[in-house]
Amino acid sequence: MLSREDNDLLTRVSDGAPMGRMLKQHWWIPAALTDKLEADGKPLRVRLFGENYVAFRATDGRLGFFDEACPHRGASMALARNEDNALRCIYHGWKFDVSGVTVAVPTQPANEAEYCKHVPLKHYPLREEAGILWVWLGEGEAPPKFPELPFVGLPRENFVVFRQKVNSNWLQAVETTMDSAHLGVLHQSWLVGFGDIELSSANMAPVYHVAQKPYGFRYAAVRQLKDGRAYVRTNSFVMPWYGIVSPNQSEIAGGSIFFSVPIDDENIHYWQMTYRSHEKLVRNKTHHYEDADSWPPLPPGPPEDNWGQDREAMKNGHFTGFTQMLGTEDFAVIMSMGPISDRTKEHLGAGDGAVLAVRRSLMTAVKEFMSGDTPALARHEAIDYSKTPPGSAVVEGSVDWRASL
Ligand code: FES
Ligand SMILES: [Fe+2]
């Protein structure tokens, strides 16, 4: 349970809220799928932390990222012409090249070149990595280190990446990613289909063992099997929102990375990247999207209709009645908590160890930030995450799985 003040501090990210300012200052933000950006194509409207931006790919393939409002009189640069490595506002023709320099102000009758020098356009440092456009929205000249997460540098066929817009605050989605306890309950109808026998047959309550790390924490969720052995899933939380979780099959080198990026206080893009470290990813049913920008499917109905829950399917054996996709089940429960979950009313228990660890990491960081420091969890040097892979294994009772942390 949290106080109202602490719940606000952890969840609010717009309008200058400290958490939002910290996230923008100290971490790179996943902003868009780069497949959506064609050279000289349509600029993309991007909303992050309650502010509007525009992303585009220039003639020569470079990417640009500006405030959405034209610095002249505020027309949307999403409407702009994308040509000659620049965006040209359609209202009065002011033109800004991809690196943010104002190159034409045709409404200026004299001294145009001089006038251009004094038009401030807000543009932002970018990285293109793993099919994602990343932006740094902080103040100053020095962006933070780019997170060398496990998918960096992988061949395109080794991973899938997709996202969905969800009406939820970012924190309850991050908590869900790290909450191992819900897997064998909420997703039980899917796990049987995936042949995840360990998870579906284990005693459902995992015991958490959390190890603090310079980037966040790692934990083992340990479930006792009926035959005396233990099923151990080892996951990582990388600040500020990356949940790196193990694949179902223990022989696989790879995993899934979930991240929930705030559009504003009450909406997120819920991203998923599933990767294989050394081989092509064989796609399963959960990876077959038509549009990577809206996958997995949202619950099919409005709240008044219980988000479209299918009670008939439940009578026929489906546990949740959200038969669309595994992720749809997550979205249904996350949305049902309300846009910003009221943590003053919750009752946490031993099964919520990972949720508490997420909150502790973020709370410590935001308090350091508010006192003027760079949060310790943002200060670490480059980390080779391939040395701390997620994993799942069935082990004899005597095996010390702590070695995997
Ligand atoms: S508002 Fe964009 S050029 Fe005038
Ligand atoms: Fe889930």
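This is a predicted model: local features need pLDDT of at least 70, side-chain atom pairs count only at pLDDT 80 or more; totals for chains, interfaces and linings use all residues.
**Exercise 1.** Work out the strand order of the open sheet and find which strands sit at its edges.

*Solution.* Start with the pairing: this open sheet has 3 strands in the order 2-3-4, paired antiparallel. Now look for strands that pair on one side only, and you land on strand 2 (44-48) and strand 4 (63-67) as the edges. On average, neighbouring strands here are turned by 30° against each other, direction ignored. Next, zoom in on strand 3 (residues 51-57), which pairs with strand 4 over 5 bridges.

**Exercise 2.** Which parts of the chain does the salt bridge between Asp 342 and Arg 4 tie together?

*Solution.* First the contact: the two side chains meet at 3.6 Å, N to O, inside the 4 Å cut-off. Then place the partners: Asp 342 is in the loop between helix 9 (326-336) and helix 10 (353-370), while Arg 4 belongs to helix 1 (residues 4-11), so the bridge joins parts 338 residues apart in sequence.

**Exercise 3.** Is Arg 62, a salt-bridge partner of Asp 60, buried or exposed, or in between?

*Solution.* The closest N and O atoms of this pair are 3.0 Å apart. Buried would need under 20%, and exposed over 50%. Arg 62 comes in at 43%, so call it partly exposed; Asp 60, at 45%, is partly exposed too.

Note on methods: Residues are numbered from 1 along each chain as its sequence is written. Chains are lettered from A and ligands numbered from 1 in the order in which they are written. Side-chain values use heavy atoms; hydrogens and water are left out. Two strands pair if DSSP finds at least two bridges between them. Helices (H or I, at least four residues) and strands (E, at least two) are DSSP runs, numbered from the N terminus. Axes are lines fitted to C-alpha atoms, for helices over the stretch in contact, and angles run from 0 to 180 degrees between N-to-C directions. Buried means under 20% relative accessible area, exposed over 50%, partly exposed in between (1.4 Å probe, protein chains only).
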